[in-house]
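Student: I am new to this structure, and I would like a close look at one part of it, the place where the two chains meet. Could you take me through that part slowly, in one connected account?

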There are 2 protein chains.
Amino acid sequence: PTKPRNHVGTHVIRSAVSIDKEILLSESPHTLLRESDGDGNAIRARFQQMIMKAQAIVCEAIEEVDGVGKFKEDAWTRPGGGGGISRVLQDGAVWEKAGVNISVVYGMMPPEAYRAAKPAATDLNPGPVPFFAAGISSVLHPRNPFAPTLHFNYRYFETDAPKDIPGAPRQWWFGGGTDLTPAYIFEEDVRHFHSIQKRACDKFDPTFYPRFKKWCDDYFYIKHRGERRGLGGIFFDDLNDYDQEMLLSFATECANSVVPAYIPIMEKRKDMPYTERHKAWQQLRRGRYVEFNLVYDRGTTFGLKTGGRIESILVSLPLTARWEYDHKPEEGSEEWKLLDACINPKEWI
Amino acid sequence: PTKPRNHVGTHVIRSAVSIDKEILLSESPHTLLRESDGDGNAIRARFQQMIMKAQAIVCEAIEEVDGVGKFKEDAWTRPGGGGGISRVLQDGAVWEKAGVNISVVYGMMPPEAYRAAKPAATDLNPGPVPFFAAGISSVLHPRNPFAPTLHFNYRYFETDAPKDIPGAPRQWWFGGGTDLTPAYIFEEDVRHFHSIQKRACDKFDPTFYPRFKKWCDDYFYIKHRGERRGLGGIFFDDLNDYDQEMLLSFATECANSVVPAYIPIMEKRKDMPYTERHKAWQQLRRGRYVEFNLVYDRGTTFGLKTGGRIESILVSLPLTARWEYDHKPEEGSEEWKLLDACINPKEWI
């Protein structure tokens, strides 16, 4: 199988959807699904169960390493069904800002998106089609400039079968990835991180890691800088040309790999001594993080346009960031090495 | 005259232009115009002269108040003509980052933009038309949380007469504005600032201040927050339905009003004692500044897409900024009052 041609699916949805205003809940719900989606064997229910579990596991691991900070939880629903649960730890000992969000969206998608989802469907011409989307999204920003920021996101889209075309099938696809954004390179850390991503990929398909590693380098690209946001990992979108059960297992494996990929690095770096210079460079790289997320990241720009819950969407932004005019690290310095690896992505394993 | 209907002009240009890579100069040029534009009586030459003078006057006033910081100058040209001069003061005693840039662009605009510039021209159908654009753009971020950020920008666009349509005229328009972004409200400061803007407007047309004040409130709107970036001022775009000499004088008057509008406020606020709380709130508002500039500001998003000089475009970003999850100022507090005025724009004079 090659990189899917149907890359337009999610994008068309993103340009056309607008979401009801959220209603905050006083306690966390057991499900964000509509009652009619109660069948626990359906993929949407199993995917929700997976992301809820991943949210719990990651938050527990973060709290344990942090020792001080605790996650605060906000949950909401929407009148049309769906909702979200945000967990945010701020001002911890190790992490200055860590967000782990899950959300479920029900909406209507334009016919183009349905047609784009599978080449075979291009001759079908339905009206607007109801869709379901669920995902987990997380950004973890540590204090220590030698400790890397981590981002991961796994999501599942599914349409109903169009009612106006007898026999037209339901469409579905998976997307997501996990990537690492350090301010300084420790090769052993980056190799460890990429090895865990490769191990998760290799359990399913030997082509996954090389494809999704490159996809990640291509996606997290700050075009106006000619730099990637960080040192990559894996990224994939609109994935549907494999067995659905296989892809659910793959997304699950990826989500389960977050803790073993990230926590050992944090244990090593969280208490390393550092100077003002290291902190200032970390802050400049956090500025690049803000530039990518506000200018290019599809999830963020989509969320801002469609009226998603702003505080949950923007929890990905660092606690603090810095922009100096025309800053250029000295050639050969540790800062320069990081920048070079962001400009010229490397093979780490 | 009413608000011009031809608002599309600049926008169509912005979506279609791509700029040559800049070449840094070792010293500042006397002109950024092509030699063929050497006629000092033409509007483009007089506008360039005006923005060069404004750049000098504003930088001199800033350096005098700052006492410590000095502007560093970078100048560049482009192979096809045009270029820019950036002056940036960083790490001053009063301002942590202050940028005052001028630039001149020569390019080709698509026929739609030409047609949109004047209703009478909609039946003309030329090929791509050469255009000229020149502007001054400045953002001044002080250290003290009681001292406001100032932004101003004045620009002039002009097309050639389309060669393929005998008798079709040259088109031109002016745009710009000056606006104030404090973290705390001192009513006397905001009234002073708006009064100077009104005085500049009233010299030309009594409808200018109320129209351009509202236009400013509408433009500097962070849609996903439902907040304005700051407390406004004046803003106008695509202005061409007045005498051209009058509008050149008006833009000149506005640029000359920057120092009397801003410097007296800075003199009063630059040394006020403040606490960590004040600084943290200023930093959160700087985060909003970043959100507006990267997500909505046309000059910034245009510049990032078309390959303008990135360091000059992004000098508008603050030295540092902050994002806290779900921060809400206490009702009735000074922070809340500022936020309220950003959500519900007020008449200050």
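Tutor: Buried area is the accessible area, taken with a 1.4 Å probe, that two parts lose on being put together, summed over both. In this predicted model, chain B and chain A bury about 2,700 Å² between them, and 57% of that area lies on carbon and sulfur atoms. On the side of chain B, the residues that lose the most area to chain A are B:Glu311, B:Trp323 and B:Tyr325, which together account for 30% of what that side buries.

Counted by contacts, the interface brings 29 residues of chain B against 29 residues of chain A. The count of residue pairs in polar contact between chain B and chain A, with both residues at pLDDT 80 or more, is 15. If you ask which elements of chain B give two or more residues to the side that touches chain A, they are β2 (72-77), β3 (82-90), α8 (276-295), α10 (310-313) and β11 (320-322). Of these, α8(B) provides the largest share, with four residues. Sorted by kind, the residues on this side of chain B comprise 14 nonpolar, five polar and ten charged.

Charged side chains also meet across the boundary, where the rule finds four salt bridges between chain B and chain A. One of them joins A:Glu311 to B:Arg225, with the closest N and O atoms 3.0 Å apart.

The two chains are joined by strand pairing as well: β11 of chain A, residues 320-322, and β11(B) run antiparallel to each other and pair over three bridges. Within this pairing, A:Ala321 has B:Ala321 in β11(B) as its bridge partner.

For the complex it gives an ipTM of 0.92 and a pTM of 0.92, while chain A has an average pLDDT of 91, with 92% of its residues scoring at least 70. A stretch to treat with care is residues 1-9 of chain A, where pLDDT stays under 50, although the model has 29 contacts beyond four places in sequence for these residues. Where pLDDT is low, the predicted coordinates should not be read in detail.

To return to the boundary itself, keep in view the antiparallel pairing of β11 of chain A with β11(B), the salt bridge between A:Glu311 and B:Arg225, and the four residues that α8(B) gives to the side touching chain A.

Methods
Residues are numbered from 1 along each chain as its sequence is written. Chains are lettered from A and ligands numbered from 1 in the order in which they are written. Side-chain values use heavy atoms; hydrogens and water are left out. Contact means heavy atoms within 4.5 Å. A polar contact is a pair of N or O atoms within 3.5 Å; within protein, one must be able to donate a hydrogen and the other to accept it, and residues adjacent in sequence count only if both atoms are side-chain atoms. Ala, Val, Leu, Ile, Met, Phe, Trp, Tyr, Cys and Pro count as nonpolar, Asp, Glu, Lys and Arg as charged, and the others, Gly among them, as polar. Two strands pair if DSSP finds at least two bridges between them. pLDDT is the predictor's confidence in each residue, from 0 to 100.
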